[in-house]
Each structure stands twice: as structure tokens, then as C-alpha cells.
Amino acid sequence: MLQQILRAPALKAILIQVLAFPLMLLLVYGLARAGVAMSLPAVALVQGVLAALITWRAGLARWWCAIGLLFAPALLAASLLDLPPAVFLAAFVFLLSLYWSTFRTQVPFYPSGPKVWQAVAGLIADRPGVRLIDIGSGLGGLVLDLARRRSDGQFFGIELAPLPWLASRLRAKLAGSRARFLRGDYEALDFGRYDVVFAYLSPAAMAALWSKAEREMLPGSMLLSYEFQIAARKPDKTIAATEGGPLLYIWCF
């Protein structure tokens, strides 16, 4: 666990902000000596640009560059708004319940869409009584859609973040759906219990996902991954679920 935390991009992003700070001070000092005065928003922007550049050089995912760029200006803007502490607490609780342990899993909130759900439905059309699980099911769109289409199948979702999990449970209850949503880490599951495993994770999670799939998935089962490939093995099939968008990759066991 400690090693996972130390490797987490969120920790690296914080350290990058710390590294960018003295560089920003040196740059602002040099400009001041040259007679160039900078406003506080300009200083915050310089901090953000330096952090984004370091993030890019460190090889973190592109969204971390955007976070690095906007972090200092966002802090300054929040301080200027003079909002009550309860607002920041509410925002923190909301974001925590939405993203939960993204710092550890390196899997942000990635929703798929109806065209992807339709492609998955086509892949399992010839599997009567199919058991499918969406790992990192988010708001439950895929699982709910498949449960509507297929009365003979069993469709599950598992989600670690409390807010998306709660939303998917509520959606299923209101719709009277047979879809089932579990809260937890998919690493605790036995993939051998499912005919199809669907994943929309992140590049950082794919090696561990493949290692687990190789150990546990049974002959005749399928692993589906939207957008992100597995380096250890080429997919057996690839589908363009959306025109000009990410691909859906299929591995057969």
C-alpha cells in the first residue's frame, strides 16, 4: 500500500507544485530586478505554467498537466472569493465521494456512452444467460442498458467511489432493473465467476488487470477494454464503437 501511494500521480503532482514554487520565485525576482512588475494573478499563472511544464517532462498523463496549470490560479481565485469554510468542506466531500481513491488506483472517472453499450450488447448476443461485470461501473449506464436488453443475462457493476455507486444503485431501484451494483475494489473479485469482464480504466491499470485476467478468467470468457490496450498481448478483435473515437478491444480466453 505504501509503495502504491508513493507511486501515485497525485503525490507526484503535489511534489511538482513544491518544486515549481522556488523556480517561480526566482523567475519573478529576476523580472522584478529587470523592472517588470507582476500582479498576483500573473504570479499564480507563472506557477501554473512551470508546474505544467514539469508535469509534462515527468511523463504524467495529460490531465495532470491541466491540473498543474490551473491549481495555483484556482487557489488564488478561491481565496479572493472569500467563501465560507463550509463551501470548501462541501466541495471536498463531494469530490472525495466522486473520485475516492483515484490517487491510488490511477483510474479517474471515465463514463462510456450508448454506442459503446450497443457494441458490447452485440458481442454478447450469442451468449445465453451471460454473466457480465463492469469493473469501475461509474453511474451504471452500461450495466443498466444491458439489463434492459437481455432478460436472460446477469449484469453486475462494481465501483469503489461512494457517490457513483450510490447513484447507480438508485437508478437501478427507480427503474426496477435487475442490474446489481457492488461497492468495492475489483481486485477482490474472482473473474472466473463471469463470462465477460468490461473495463474502462486507465493506462496505469492495464498491466495489473491483465495479470488478474490471465490468472482467473476461464476458457470461453472475454475481457473487453474500451480505449486502453494491454501491452502484454495484442487484442483478438478490435471494434470502432464510435466514429473517430476510442476503440473497443477484445481478448478471448
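Which residues does the UniProt annotation "transmembrane region" cover? The annotation, which comes from an unreviewed entry, covers residues 12-32, 38-56, 63-80 and 86-103. UniProt positions follow the numbering used here, feature names are shortened, and annotations may be inferred rather than shown by experiment. The structure is a predicted model, in which local features need pLDDT of at least 70 and side-chain atom pairs count only at pLDDT 80 or more, while totals for chains, interfaces and linings use all residues. Residues are numbered from 1 along each chain as its sequence is written, and side-chain values use heavy atoms, with hydrogens and water left out.

**Annotated spans and helices**

- Helices (H or I, at least four residues) and strands (E, at least two) are DSSP runs, numbered from the N terminus.
- Residues 12-32 are 100% helix and 0% strand, and the C-alpha atoms at the ends of this span are 30 Å apart.
- Residues 38-56 are 89% helix and 0% strand, with end C-alpha atoms 25 Å apart.

**Surface patches**

- Patches consist of residues with over 30% relative accessible area and no salt bridge; like charges are joined within 9 Å, and nonpolar side chains (Val, Leu, Ile, Met, Phe, Trp, Tyr) within 5 Å.
- Accessible areas come from the Shrake-Rupley method with a 1.4 Å probe, and for residues only the protein chains shown count as cover.
- Leu45, Val49, Leu53, Leu69 and Leu70 make a nonpolar surface patch of about 420 Å².
- Helix H3 (40-57) and helix H4 (62-81) each supply at least two residues of this nonpolar patch, and H3 gives the most, with three residues.
- Leucine 53, which lies in helix H3, counts as partly exposed because its relative accessibility is 48%; buried means under 20% relative accessible area, exposed over 50%, and partly exposed in between (1.4 Å probe, protein chains only).
- A patch of positive charge on the surface gathers Arg169, Lys173, Arg180 and Arg193.
- For charges, Lys and Arg count as positive and Asp and Glu as negative, while His and the chain ends are not counted; the place of a charge is taken as NZ of Lys, CZ of Arg, CG of Asp or CD of Glu.
- Lysine 173 belongs to helix H9 (residues 162-175) and is exposed, with a relative accessible area of 70%.

**Salt bridges**

- The structure holds five salt bridges, each defined as a side-chain nitrogen of Lys or Arg within 4 Å of a carboxyl oxygen of Asp or Glu.
- Aspartate 145 pairs with arginine 148 in a salt bridge whose closest N and O atoms are 3.6 Å apart; the two residues are three apart in helix H8 (residues 141-149), and so are separated by about one helical turn.
- Aspartate 145 also forms a salt bridge with arginine 149, with the closest N and O atoms 2.6 Å apart; both residues lie in helix H8, four residues apart.
- Aspartate 145 is buried at 9% relative accessibility, whereas arginine 148 is exposed at 58% and arginine 149 is partly exposed at 44%.
- In helix H10 (residues 206-216), lysine 212 and glutamate 216 are four residues apart, and their side chains meet in a salt bridge (2.9 Å, N to O).
- Both lysine 212 and glutamate 216 are buried.
- Elsewhere, salt bridges that share partners join Asp145, Arg148 and Arg149 into one network.

**A glycine pair**

- Glycine 113 lies in the loop between helix H6 (102-105) and helix H7 (114-123), and counts as buried because its relative accessibility is 17%.
- Glycine 113 and glycine 141 are 28 residues apart in sequence and 7.6 Å apart in space, C-alpha to C-alpha.
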